[in-house]
Amino acid sequence: MNKINPGVAIVTGASSGIGHVTAKALQNAGFRVFGTSRRAVSKKSDGITMLTCDVTDDASVAKLVDEVLAQAGRIDLLVNNAGMGLLGGAEESSTAQAQALFDVNVFGVIRMINAVLPTMRRQGNGRIVNLSSVQGFIPAPFFALYSSTKHAIEGYSESLDHELRPFGIRVALVEPAYTRTSFEDNLARPDQLLDIYDAARASMTIAVRTAMEKGDTPEVVASTVLAAATDPTPKRRYAAGKMARQVSFLRRFVPASAFDNSLRKQLGLPI
Ligand SMILES: NC(=O)c1ccc[n+]([C@@H]2O[C@H](COP(=O)([O-])OP(=O)(O)OC[C@H]3O[C@@H](n4cnc5c(N)ncnc54)[C@H](OP(=O)(O)O)[C@@H]3O)[C@@H](O)[C@H]2O)c1
């Protein structure tokens, strides 16, 4: 049993969306919460201490962890939530753009984890919750790079959980489906657009917007993160919300060809 009592939590990307609501939910559950944003924000917001951090910058991550330790002396929970999306044809992004996305969604997570692990190992206790996505197990067209980042996080988290268990540290994944946040507004656009993809990219953009409008509230995801953070014996993966649970089930049990056909049909792509 590795029961995590409310303690000190860091939530990256707590300035908006899922991170903001998660920080609040953890605080309500008794955690002392440090949230991060790249921008300088009001130091105390709703009882949450906001600190500046860019997860793509080693020095910024080290400074954040030093600041939390100086103020709170320990770190019991890290929620790696900061992330961004990119909608476009796979070949419409330069290698530099792909690397920049991985730098936030994958290497940002690795930087944060490497920075908190010495403290968690010393404590003999800790929990890490990584925000994946249904795109971490269902790659969607026009999301090849984003989906790759979330697949990377899935594999990384599973390996890491095996390695860290002897130290009393567990790693869990939370997999949301469409969630009503600024995620869509913040989607990066490809940096080398090709007009052959214009029509398909535009229809995918509309499909995503429509799905987002009907998506889960960030509160649904926050309550799942809270469960992943506090379950005495954490599961490896937590699908967040009804849609994520349904597609996770279907992905495992529906034959691959039927799943493929159904996905293409839903997105209006030729079978
Ligand atoms: N919304 C969805 O439909 C959905 C579905 C599945 C998974 N997710 C995942 O959920 C997580 C949160 O997304 P969201 O929907 O809440 O999006 P959001 O509202 O756009 O929030 C993204 C957060 O990430 C932070 N961030 C971005 N780049 C950063 C960087 N380089 N360093 C530090 N922080 C950075 C932003 O903070 P600042 O701009 O203040 O720095 C912001 O707080 C992401 O990992 C996303 O992939 C979202």
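This report describes the fold, the ligand shell and several individual residues of a predicted model.

Residues are numbered from 1 along each chain as its sequence is written. Because the model is predicted, local features need pLDDT of at least 70 and side-chain atom pairs count only at pLDDT 80 or more, while totals for chains, interfaces and linings use all residues.

**Overall form**

The protein chain has nine helices and eight strands; helices (H or I, at least four residues) and strands (E, at least two) are DSSP runs, numbered from the N terminus. Along the principal axes, the C-alpha atoms of the protein chain fill a box of roughly 55 × 40 × 30 Å. The radius of gyration of the protein chain is 18 Å, which agrees with the value near 18 Å for a compact globule of 271 residues. That radius is taken over C-alpha atoms, and the globule rule is 2.2 Å times the number of residues to the power 0.38.

Of the 271 residues in the protein chain, 42% are buried. A residue is buried if 20 or more other C-beta atoms lie within 10 Å of its own, exposed if 12 or fewer, and partly exposed in between, with C-beta atoms placed from the backbone. Among contacts in the protein chain with a separation of 6 or more, 73% join residues 24 or more positions apart; two residues are in contact if their C-beta atoms, placed from the backbone, lie within 7 Å.

The eight strands form an open sheet in the order 3-4-2-1-5-6-7-8, with mixed pairing. Strand 3 (44-45) and strand 8 (237-240) stand at the edges with a single partner strand each, so one side of each has no neighbour in the sheet. Two strands pair if DSSP finds at least two bridges between them.

| Strands paired | Sense | Bridges | Facing residues |
|---|---|---|---|
| Strand 1 (residues 8-11) and strand 5 | parallel | three | Val11 and Val79 |
| Strand 5 and strand 6 (residues 126-131) | parallel | four | Val79 and Val129 |
| Strand 6 and strand 7 (residues 169-176) | parallel | six | Ile128 and Val171 |

In a regular strand the side chains alternate between the two faces of the sheet. Strand 5 (residues 77-80) is covered on both faces: Leu77 and Val79 are buried on one side, and Leu78 and Asn80 on the other.

Asn130 lies in strand 6 and is buried, with 26 other C-beta atoms within 10 Å. Leaving aside neighbours within four places in sequence, Asn130 is in contact with Asn80, Val109, Ile153, Ser157, Val171 and Leu173. Asn130 and Glu175 are 45 residues apart in sequence, and their C-alpha atoms are 8.8 Å apart in space.

**Nonpolar cores**

A nonpolar core is a set of buried Ala, Val, Leu, Ile, Met, Phe, Trp, Tyr and Cys residues joined through C-beta atoms within 7 Å. The largest has 56 residues, of which Ala9, Leu78 and Val174 touch the most other members. Apart from this core lies another of seven residues, among them Leu86, Phe143, Met204 and Val208. Beyond its neighbours within four places in sequence, Val174 has contacts that include Val129, Leu131, Val221, Val225 and Ala240.

**Helices and loops**

Ala222 lies in helix 7 (residues 218-230) and counts as buried, with 28 C-beta neighbours inside 10 Å. Not counting residues up to four places away in sequence, Ala222 touches Ile18, Val21, Thr22 and Ala25. Helix 9 (residues 256-266) lies largely in the open, because the number buried among its eleven residues is zero. Just after helix 9, Gly268 takes a positive phi of about 70 degrees.

Most residues other than glycine have a negative phi. Phe142 has a phi near 70 degrees, a positive value in a residue other than glycine. Phe142 is placed in the loop between strand 6 and helix 5 (144-164) and is buried, with 24 other C-beta atoms within 10 Å.

**The ligand shell**

The ligand is surrounded by 30 residues, the closest being Gly13, Gly17, Arg38, Ala82 and Gly83. A residue is near a molecule if its C-beta atom, placed from the backbone, lies within 6 Å of it. Helix 1 (residues 17-28) gives the most to this shell, with three residues. The shell divides into ten nonpolar, 17 polar and three charged residues. Here Ala, Val, Leu, Ile, Met, Phe, Trp, Tyr, Cys and Pro count as nonpolar, Asp, Glu, Lys and Arg as charged, and the others, Gly among them, as polar.
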